[in-house]
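The structure is shown first.

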Amino acid sequence: MSLQMTSDPSKPTLYQQVAGRIRSLIDGGTLRPGDRVPSVRRLSSQMSISISTVLEAYRVLEDERYIEARPQSGYYVRTPATIPPVPTKTRSDRVPLEPGADDLVVRVISDSQKPGIVPLGAAIPSAEYFPTVRLNRILARVVRDDPGTSQSYDSIAGHQGLRVQIARRLVEAGLSVTPDDIITSAGAQEAVLLCLRAVTKPGDTVAVETPTYFGLLEAIRSLHLRVLEIGTDADEGVCLEDLSEAIVRKRVAACVFVPNFGNPLGHKMPDDRKAELVSLLARHDVPLIEDDIYADLAFEGDRPVAAKSFDRADNVLLCSSFSKTLAPGYRVGWVVPGKYRPLVERLKFSTSVATATPTQMAVASYLESGGFDRHLRRLRRLYRDQVARVACTVGETFPEGTRVSRPLGGHILWVEMPQEIDSLEVYGRALEEGISVAPGPLFSAADKYRNFLRLNCALPWSDETEDAIARLGRLVSAIALR
Ligand SMILES: Cc1ncc(COP(=O)(O)O)c(C=O)c1O
């Protein structure tokens with residue numbers, strides 16, 4: 001192993017590199033549960049690093065629940081990390097459904113935001129994960145320095161400086177767009193809604209992955225559209241064969257997919273499948289609304305490219321935001337609507353005239369001043385560690401038969417409990433204990449996933465958080481024993 005010292009704060013330090021190596025040996029299956037990890041002394045002499053560096057690395061891995069110290073014996077890979085994965089493929093529905101009215105979505109989000117609640121329910125990262133102080137300072141400065149612009153309407157397409165920054169960032173997604181190709185929005189939610197309005201009419205059917213984020217189902221519901229849920233594989237993404245069949249039968253007017261680290265599966269569609277998806281849809285002239293909100297949050301490697309990077313027909317409408325990486329409350333998102341740009345721009349005007357100016361200015365200034373990529377590198381590590389911790393605590397405390405997702409990015413865990421557990425009952429009982437969770441049925445219009453829960457892992461890790469997840473596990477275990 002060759003490791004290098006670094007003085008760049010954005011790069012992993014020596015002990016983090018050591019921890020990373022051991023972690024990848026465990027994740028890759030070289031070191032298995034119950035195996036002894038190399039002794040501190042041995043690793044220190046093998047790698048020519050100090051004993052204290054190895055100890056620090058092992059302390060991190062202990063905190064993350066990868067390894068445990070056994071008195072007089074050394075360090076071992078922990079067993080509960082082997083909690084089985086949820087099955088990789090979900091099933092497609094044959095007929096489109098009209099998503100019914102459901103006030104549960106609003107209840108789950110509101111409950112998560114109540115003071116004193118442990119917010120495992122809404123996928124809202126807590127402010128500690130973000131450069132909040134710096135960002136708020138920038139906001140105060142831009143408003144002070146340019147009171148005229150900041151209190152006025154921005155253009156319908158949005159703040160020019162912000163669109164320049166977004167266009168630059170999209171190079172990493174495999175796109176070559178100009179600021180004029182972009183329209184800013186109040187978060188990714190508004191971007192998706194505008195796109196749906198642009199490409200569908202009431203009564204049309206929209207294909208989604210299953211399970212999928214309930215906000216997308218709500219947007220579809222609000223426009224009186226029908227939804228067709230297409231089976232999704234954790235390794236392959238949405239099932240192209242089922243989608244193709246549905247398209248041939250002329251059932252699909254548009255698709256809304258989250259190919260990079262979808263919510264709640266955290267899966268990633270391989271690039272060749274993305275290319276196939278885009279060409280299938282182009283052949284049949286079915287627009288793809290691509291929600292790419294989690295793409296910057298890969299646990300390993302670079303940001304994956306967007307499906308839109310394969311789009312030769314300008315048929316993909318790419319949506320995203322800074323809600324998972326900077327500040328959900330700033331409500332700054334965007335869309336690259338391709339050939340639907342004129343229509344989306346008119347719809348943006350009729351919906352909200354323009355996106356709020358001050359927060360667009362602040363995000364633009366933050367991005368111009370540098371440091372976002374460094375922040376992202378840190379954030380990705382933090383989210384990955386958090387997901388590992390939550391998965392481990394679930395493994396230790398939930399009843400036998402529980403399975404968890406293996407997300408490749410983002411900050412969400414999808415938990416399958418034994419068949420007989422009703423997640424709506426868990427939701428109600430957990431709330432009485434001051435814990436919010438998102439029950440599985442929210443993620444489908446077809447009343448599926450009764451025994452599933454989605455857990456937000458981007459919350460501050462503390463004894464109370466760990467205790468809350470353990471109490472949740474005990475509560476589910478008690479229901480299982482009834
Ligand atoms: C897949 C997905 N799309 C959109 C959103 C909403 O994002 P925004 O806050 O930017 O509107 C979320 C939020 O959780 C999400 O998970």
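Axes here are lines fitted to C-alpha atoms, for helices over the stretch in contact, and angles run from 0 to 180 degrees between N-to-C directions. Two packed helices are described by the angle between their axes and the distance between the axes. The model is a predicted one. In it, helix 8 packs with helix 9 (residues 214–222) at an angle of about 35 degrees, and their axes are 10 Å apart. The crossing of helix 8 past helix 9 is right-handed. Helix 8 contributes Gln189, Val192, Leu193 and Leu196 to the contact, and helix 9 contributes Gly215, Leu216, Ala219 and Ile220.

Helix 8 covers residues 187–199. With 13 residues at 1.5 Å a residue, helix 8 should span 18 Å, and the 19 Å between its end C-alpha atoms agrees with this.

Strand 10 (residues 316–321) is mostly covered, with six of its six residues buried. In a regular strand the side chains alternate between the two faces of the sheet. Val316, Leu318 and Ser320 point one way from strand 10, while Leu317, Cys319 and Ser321 point the other way; all are buried.

Strand 9 (residues 288–291) runs parallel to strand 10 and is joined to it by four bridges. Ile289 has Leu317 in strand 10 as its bridge partner. Strand 11 (residues 333–336) runs antiparallel to strand 10, again with four bridges. Here Cys319 is the bridge partner of Val335 in strand 11.

An open sheet is formed by four strands in the order 12-13-16-15, with antiparallel pairing. Strand 12 (403–404) and strand 15 (438–439) are at the edges, each with a single partner strand, so one side of each has no neighbour in the sheet. Strand 12 is joined to strand 13 (residues 412–416) by two bridges, and the two strands run antiparallel. Arg403 is placed opposite Glu416 of strand 13.

Helix 14 (residues 372–397) packs on this sheet and touches strand 12, strand 13 and strand 16 (452–456). The direction of helix 14 makes about 20 degrees with that of strand 13.

## Domains

The domain assignment of the protein gives domain 1 as 14–82 and domain 2 as 135–368. Between the C-alpha centres of domain 1 and domain 2 the distance is 40 Å.

Methods
Residues are numbered from 1 along each chain as its sequence is written. This is a predicted model: local features need pLDDT of at least 70, side-chain atom pairs count only at pLDDT 80 or more; totals for chains, interfaces and linings use all residues. The expected span of a helix is 1.5 Å times one less than its number of residues. Two strands pair if DSSP finds at least two bridges between them. Two residues are in contact if their C-beta atoms, placed from the backbone, lie within 7 Å. Domain bounds come from an automatic or database domain assignment. A crossing is left-handed if the near helix is turned anticlockwise from the far one by less than a right angle, and right-handed if clockwise. A residue is buried if 20 or more other C-beta atoms lie within 10 Å of its own, exposed if 12 or fewer, and partly exposed in between; C-beta atoms are placed from the backbone.
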